Amino acid sequence: MTGPDDDFEDFVNRRKPVFRRPEDEMFEPPAELDRVVLRQAREAIKPEEPMRMFSAPRWSMPIALAATLILTFTIIFRAGLPPPKTQPTPEVTVQNVAERTDAPMAATVQPAPAPAESVATSSTAGAGASTDSAAVAPAPKAGDAPPWRRDTKSWLAEIQRLRDAGDAARADAEYAELKRQQRAYAVSPDR
Amino acid sequence: MNAATFTMDGITTPENTVRFARPSRTRTVETVSDDEDAQLMLAYARGEMRAFETLYSRHRGALYRYLTRQARDGEIANDLFQEVWSRVIINRTRYEPRAKFRTFLFTLAHNCFIDHCRRTKARPGGLRIEEADDADLLPAGEDTQPDAALSRDETSRRYRAALATLPAEQRDVYLLHEESDLSLEDIARVTGVGAETAKSRLRYAVAKLKAALSVTEA
């Protein structure tokens, strides 16, 4: 004898059905729904394709490789050549500056004949003061200047040569003249 | 632990589309371990589509019937079915085999249906479609009762009508028991009640269905 409780326990434990279930209750989802779910599942695990900035043609890789090689060899070849000859930058020294300023300085050294004439006329006026003839002596013309005075380097070389030759007096005189002209240039208002 | 499933053969075509054979009328019991389901889910999380196809073929029918009987509307059931599997797919990387996969699946289904009821402000136990069938629960008169045995359609109609009259909680527990083959403890876990409460609901549901169907079979 089985009671309702036993029947229910059998039902719960799936040993015996309590009532007969209609057979056509065993329906299934439509095929379209299957496709939708499976497509979604497939797309969810699809690995993401890396974003391509552009689609390069197939020949672009060898072309790029060749261009890279050419560029590399060009750079290496040019780096192996001796450097082009360039004018050395002169060192900035007083002597170099003086060399660069020799030409204009020589051009500015002009003869002063007029004072000589005026002094001559004034001396004839009876002052009799011709003692300052040295002070009023005409300055040497640019064309009369010795060739070593045309630039400071030659001038210094000449001074050195005189000193080596034992002519210290002329060397000192030349050196004093050199310094005088450079001081005159330094204070010149045209500079 | 063995689980009962409906016989379905997943067929994978070269186009990588899967078709499922129509269900057989007989309900057979396959030896499918829950560990195997869990392993299939983990394999799918690693990117094996074939694992998902197997998993889907095992549970698609039960889940669809559960949702269809709960929603009592084909379109809504389709939407809920898709939503449940979407949640399975989305949560594949967070899935941990701490519980049976079926428990996990039907918990999702239960929650989806509750969410749907909240969205539509529908009472889960409300009658909408088959209210007309309620009259069929009453014993038919002598003059209207067919002489021959009731057709399958008639039996099925009465079954659905009886199911529709059940309170939502009882119907939920009964459908989980019938379709998911979960144990009472698992059903209680899915529905968020105690095991005794679930058992009590199931007892009432079975008694009402039995009464309704025995009347028709008399």
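Reply: Axes are lines fitted to C-alpha atoms, for helices over the stretch in contact, and angles are taken between N-to-C directions and run from 0 to 180 degrees. This is a predicted model, in which local features need pLDDT of at least 70 and side-chain atom pairs count only at pLDDT 80 or more, whereas totals for chains, interfaces and linings use all residues. Residues are numbered from 1 along each chain as its sequence is written, while chains are lettered from A and ligands numbered from 1 in the order in which they are written.

Me: At what angle do helix H4 and helix H8 of chain B pack?

Reply: Helices here are DSSP runs of H or I with at least four residues, strands are runs of E with at least two, and both are numbered from the N terminus. Two packed helices are described by the angle between their axes and the distance between the axes. For H4 (residues 101-120) and H8 (residues 184-191) of chain B the axes are 9 Å apart, and the angle is about 35°.

Me: Is the crossing of H4(B) and H8(B) left-handed or right-handed?

Reply: A crossing counts as left-handed if the near helix is turned anticlockwise from the far one by less than a right angle, and as right-handed if clockwise. By that convention, the crossing of H4(B) and H8(B) is right-handed.

Me: How many polar residues does the contact of H4(B) with H8(B) have?

Reply: Two residues are in contact if their C-beta atoms, placed from the backbone, lie within 7 Å. H4(B) contributes Thr103(B), Phe106(B), Thr107(B) and His110(B), and H8(B) contributes Asp186(B), Arg189(B), Val190(B) and Thr191(B). Ala, Val, Leu, Ile, Met, Phe, Trp, Tyr, Cys and Pro count as nonpolar, Asp, Glu, Lys and Arg as charged, and the others, Gly among them, as polar. Sorted in this way, the contact has two nonpolar residues and two charged ones, and the number of polar residues is four.

Me: What percentage of the residues of chain B count as buried?

Reply: A residue is buried if 20 or more other C-beta atoms lie within 10 Å of its own, exposed if 12 or fewer, and partly exposed in between, with C-beta atoms placed from the backbone. Chain B has nine helices and two strands, in the order β-β-α-α-α-α-α-α-α-α-α. Of its 218 residues, the part that counts as buried is 37%.

Me: What percentage of the residues of chain A count as buried?

Reply: Chain A has eight helices and zero strands. Among its contacts with a separation of 6 or more, 43% join residues 24 or more positions apart, and the corresponding value for chain B is 69%. Of the 191 residues of chain A, the buried part is 5%.

Me: Which residues does Leu63(B) touch?

Reply: Leu63(B) is one of the residues with the most contacts inside the largest core. When residues up to four places away in sequence are not counted, Leu63(B) touches Phe81(B), Val84(B), Leu105(B) and Ala109(B).

Me: Is Lys100(B) buried or exposed?

Reply: Lys100(B) is found in the loop between H3 and H4 of chain B, and its C-alpha atom is 7.5 Å from that of Asp35(B), although the two are 65 residues apart in sequence. Because 21 other C-beta atoms lie within 10 Å, Lys100(B) is buried.

Me: What is the phi of Asp181(B)?

Reply: Asp181(B) lies in the loop between helix H7 (168-180) and H8 of chain B. With 18 other C-beta atoms within 10 Å, Asp181(B) is partly exposed. Although Asp181(B) is not a glycine, its phi is positive, at about 60°.

Me: Which residues is Ala195(B) in contact with, leaving aside its neighbours within four places in sequence?

Reply: Ala195(B) lies in helix H9 (residues 195-217) of chain B and counts as partly exposed, because it has 14 C-beta neighbours inside 10 Å. Its C-alpha atom is 6.1 Å from that of Leu184(B), eleven residues apart in sequence. Leaving aside those neighbours in sequence, the contacts of Ala195(B) are Leu184(B), Glu185(B) and Ala188(B).

Key:
Core = buried A, V, L, I, M, F, W, Y, C linked by C-beta atoms within 7 Å.
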